[in-house]
Amino acid sequence: METDKEKELLQLKEVTIRFAGDSGDGMQLTGTQFSETTAWVGNDLNTLPDYPAEIRAPAGTIYGVSGFQLHFSSEDIHTPGDQPDVLVAMNPAALKKNLPELKKGGMIIVNSDSFDIKNLNLAHYESNPLEDGSLDGYQVYQVPISSLTANALEGVKLSPKEVSRAKNFFALGLMYWLFNRPIDNTVKWIHEKFAKNPEYIEGNERALRAGYNYGEMTELFTARYTVEPAKLPKGTYRSISGNEATALGFLAASVKSGLPLFLGSYPITPASEIIQYLSTYKNFGVKTFQAEDEIAGITTAIGASFAGNLAITSTSGPGLALKTEAIGLAVMTELPLIIIDVQRGGPSTGLPTKTEQADLLQAVCGRNGEAPVVVVAAATPSDCFNMAIEASRIAIKYMTPVILLTDGYIANGSEPWKIPHANELPDIPVKFRTEKEGFYPYLRDENLARPWAIPGTPELEHRIGGLEKSDIYGNVSYDPDNHHKMVTLRAKKIKNIENDIPLLEVEGEQSGELLVVGWGGTYGAIKEAVNKARAQGYKVSQAHFRYINPFPKNTEQVLRSFNKILIPEINLGQLARLIKSEFLIDVQQFNVVRGLPLRVADIVDQIIKTLGGNNGK
Amino acid sequence: MANNVEVKEIKYTAKDFASDQEVRWCPGCGDYSILAQVQRTFPEIIDRPKENIVWVSGIGCSSRFPYYMNTYGFHGIHGRAPAIATGVKLANPNLSVWVASGDGDLLSIGGNHFIHACRKNIDLKILMFNNRIYGLTKGQYSPTSEKGKVTKTTPYGSVDYPFNPPMLALGAEASFIARSIDRHPKHLQEMIRRAGLHKGTAFIEIFQNCNIFNDGAFSLLTEKETKDDHVLELVHGQPMIFGKNKDKGIKLDGMTPMVVDLTTGKYSKDDLWVHDEFDPNPARTAILAMFDETPGFPTPIGIFRQITKETYDEGLFRQIEEVKKKKGEGDLEKILFSGNVWEVN
Ligand SMILES: Cc1ncc(C[n+]2csc(CCOP(=O)(O)OP(=O)(O)O)c2C)c(N)n1
Ligand code: SF4
C-alpha cells in the first residue's frame, strides 16, 4: 500500500512494551495475545503480568490499574525488561502509575478519550498531563481509542458496554501494526474463543482490524518498528508460563513413572492455575481433589502416596505454613510427596498477586523437630517443567517429601519453550515392594530409602505413622538411642542425594574476583546483569542454585574459587544465611523486596560496586 | 467404580485381624471392647482379601487403633484421619478404608475434614470413639463434653455447648449415621457390620467409657438398673418402645415427639412412631438426634439414617472414564505439542 511505503521500517534489537489500563480493560488478554504472536514470529520473549489483588477495583482508580509487560528480542533474553520503551495507557490512572518506570524519551500511546475530568480526578491529576507539558521529552501519541472503536463497531449488535470493552483489541491491532506483527493469530483466537457468540467475533475482530488499519492510515506515526526473529536452537516451540509448565511436568512424571497422578490442593493465588490445568487432564487418569483446606490438600496427598499414587500438593506461602505439620508426617512415614510452593509476597497474606522469594527458610527449616526435606527451585517459566520431573524422580527414588519452589513471577510469566518429545524424557523407575521374604517397613536400600509397600499387596500388612519408628522393624519406639539413630538416618538420606543431582555450574570464568549467586526465579535478571557487566569489561561469573537442599556437592569448592560472592535475592538474605551457616563463607547481599522481579540495572550497579570499579583485576 | 478385586475364598477369623502389637490402653478402657467387636465382625463383612483393608486414624488414645489391627494402617496427625483416608480411597478405590477417631480428634481439630468427608460422601467408615473427654492429653473437656463440665481446663465448669454428633453428621448430609455403646457388644457388632456394608460415608458414634478421666459418663446407658429406661434401640420397621417393661413409647405428634405411657390404656403400640432408617427426609432424623437434648427422652442407639447416593470416589472414576471416552486416552506427546506451536529451523 502507498502509505505503508512512506513509513519507515526501523529495525530494533529488542523492545519492552507495557500495556496498562483499568482492571476491566482486558490488559492481561492484550498482553497475552501480543506475547503469543510475538513468540510465534520467532522472537525470544519474557513477560511480567502485574495485576491488582482486587478483582474489579473501582474503574479509573490507580489501585485498579492492571499491567502486562513484555520484553521481546532478536537475541536471547531472560527478563521482562527493567523499564518499558513503550507504554500503552488506556486511562489517566494507568499513565500516572506507570510513567515513573518508563524509559527517558520513551513512547507513550494513550487513549485520549479517557482523559476527561472524571478520570483525571480519579487519578489525582490536577491538570491534564496531555496538555500541561508534563510529558515533554516523551514521544506521546494521543489516539481516541474509545471513539475509534465505537465508530468501527457501528451496526454490530453489541451493547455500548460491550463495544467499549472491545477497545483493547483496537489497541492490540494498533500495536501489531506499529511493531509489524501479523494479526492472524489473534483473529484465529477470537474465532475459537467466541465460537458461540458471533457478535463478539465480529466486534472484536473489527476492533482489531480497525486498530491495525488506523496505524496504516493515520499521519500520527512516521515509522514502524520490527524485531527480527531470535536465533533460537532448532526445534518446535510454544510459549509457556511457569504454572502451565509445572502442571505439564507432573503430568509427564506421571506418564513416565506409570503412576496415577493425585493432586490435593486448595486454591490460592498465584498457585491456583496448577490445579486448574491438571483438572483438564482427566483422560490421563489424573485425580485432582479440591480439598476443604490446605491441610486436607496435603494429607489427602499423603494418603494417596501411601496407597501408591504419585502424590502432589500445590500452594503458596500461607498454605505452605498450614501444611507444615503434615510435611513432618511425610518425613516420618518416609513417603514420596511433592509440595509445590508458588511463592508470593508475605508475610501473612502479604502481597498476594506479587512475587517474592521469601519462603526459602520456611521450606528448608520450617518444621518441628529434625525434619529434613529436599528443596528444589525452578529458575525460569519453562524450567518448572524440568524441576517438576526432577522433584518427582527424587521423591520416588528416595521415599521423601520434596518441596518445589517457584514464584509468582515465573508462574505467571512466559517464555518460548523448546518442546521436548515425550520419548526423550527419561523414565522414572518405581519399585513397589511385593516379596514377603525379608520385608520390614523401615528396612533401607542402598539409597537409604525404605520400601514402598502399598495397601493391596498380600502379606505385607504393616502400620506407619508419625510416632518415632524403630529402625528396620518400624514399630513405635521411644528408645532414646533409636531416636538418635533415626534422626541421623533421615538426615543422611537427604544429604546423600547430593550424589544424584547435577553439580553447580559456573557461567563465565571458573574462578576469580566475583561470583554472583542466585536461586529460583531471579536467574534471568542475574544472568542479564552479569552479561551486561561482562560486556563492560568486568570480570564476573554466575552460579545459580536449582537444588538447595541438599546443595550440589561441589558448592563449597565453587564458592571458594572466588574472592567475593554477591547474592541478590527478593528477600532479606535467606540464601545468604544458608550459605554462610553451611560453609562459613562471607557473602555480600543485595536484597530488594518490592513484590517485583529484581531489576537488571540495579544488579549491574551492585556488581560494579562490589568490584570497587576495578573491573575485577 | 472399578470393582475388580480378585474373588478368592476368604475365611478369616477374629484372630486374623489381631496384630502382633501389645495393646496399651488403660485396663478397663472401653476401647478394648470396640477393638474386639471390630475383630469379631470383620470376618463377616470383609468381602475382599485382607490386604485390601486400611485403617487410618488421627491422634488420641482411640487413634492407636490401627496398630492393633493386622491390616494396613496409618496413624496420622491430630484431626486429619478423614483426609488421609480420603487420599487412600481415591488412590485405590478397591480398598476398604476405615477411620478410627476420638471425639476431640474428629470434631474439634478435625471438624472441618469430618463435615467435608460427609458432604462429599466418600466411601469411608468412620468410627468415632466418644468418651466426652480428651484422654491422651489427660483430661481436658472435649467438644462433646456437657455444659458445666469440670475438667483440668474448666475448673469452674465449661461454658460451651457440646456438639450433637449425629446432628452434625446429618447437617453435613452423611449417608449413614449410627450410634452404639462399647458395653453393648452385640449391638456394636451389628452397627459395624451395617457400616461395613454401606457404600458412602458411614459414621458411627460409639459411646466409650474412659475410666481414667471421665468414668461413668454413660453409666445411665450401660448400668443394668438404668439402661432400659434411658436407651431407645432403633429398629427399622419397629415402633419406638423402651423401658424396663417395654412400657414406654415415642409418639410423633406432627413434628413434635412425645414420650407416652403404654400402661394407662390411652396409647398402644399402634400409636407409636415406626422407625424408618431409609427415610430420605432429614427432618425426622433430626428429631431423633435431638432426643439427647430433651429432658425425659431416651438416648437412641442404632441406625439413625441410611440413604443411597453416588459416592465421591464413584463420581471421580466415572468422570475419568467419561472423559477418556470423549477425548481418548491421554497422549503426552500430543499435550506437549498442543496450543500455538511454531518451528525454528
Ligand atoms: C496438632 C496437635 N495439637 C494437639 C495435640 C495434642 N492432643 C493429642 S490427643 C488430643 C485429644 C484427644 O482427644 P480425643 O480425640 O477425644 O481422643 P481420646 O484420647 O479421648 O481417645 C490432643 C489435644 C496433638 N497431638 N497435635
Ligand atoms: S485415658 Fe481413657 S481413653 Fe485413654 S486409654 Fe485410658 S481409659 Fe482409655
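In the predicted model described here, an oxygen atom of ligand 1 lies 3.0 Å from a backbone N or O atom of Ser62(B), a polar contact being a pair of N or O atoms within 3.5 Å. A polar backbone atom of Asp105(B) is placed 2.6 Å from an oxygen atom of ligand 1, and an N or O atom in the side chain of Asp103(B) is found 2.9 Å from an oxygen atom of the ligand. Taken alone, ligand 1 exposes 600 Å², of which the protein buries 78% (accessible areas by the Shrake-Rupley method with a 1.4 Å probe).

Residues are numbered from 1 along each chain as its sequence is written, with chains lettered from A and ligands numbered from 1 in the order in which they are written. In this predicted model, local features need pLDDT of at least 70 and side-chain atom pairs count only at pLDDT 80 or more, whereas totals for chains, interfaces and linings use all residues, and side-chain values use heavy atoms, with hydrogens and water left out.

Ligand 1 lies between chains A and B and is surrounded by 17 residues (a residue being near if one of its heavy atoms lies within 4 Å), the closest of which are Cys61(B), Asp105(B), Asn131(B), Gly135(B) and Leu136(B). Helix 3 of chain B, residues 103-109, supplies the largest share of this shell, namely four residues (helices being DSSP runs of H or I with at least four residues).

By class, the shell around ligand 1 has six nonpolar, eight polar and three charged residues (Ala, Val, Leu, Ile, Met, Phe, Trp, Tyr, Cys and Pro count as nonpolar, Asp, Glu, Lys and Arg as charged, and the others, Gly among them, as polar). The shell around ligand 2, by contrast, divides into seven nonpolar, three polar and no charged residues, and its members include Trp25(B), Cys26(B), Cys29(B) and Phe213(B).

Key:
A polar contact is a pair of N or O atoms within 3.5 Å; within protein, one must be able to donate a hydrogen and the other to accept it, and residues adjacent in sequence count only if both atoms are side-chain atoms. Helices (H or I, at least four residues) and strands (E, at least two) are DSSP runs, numbered from the N terminus.
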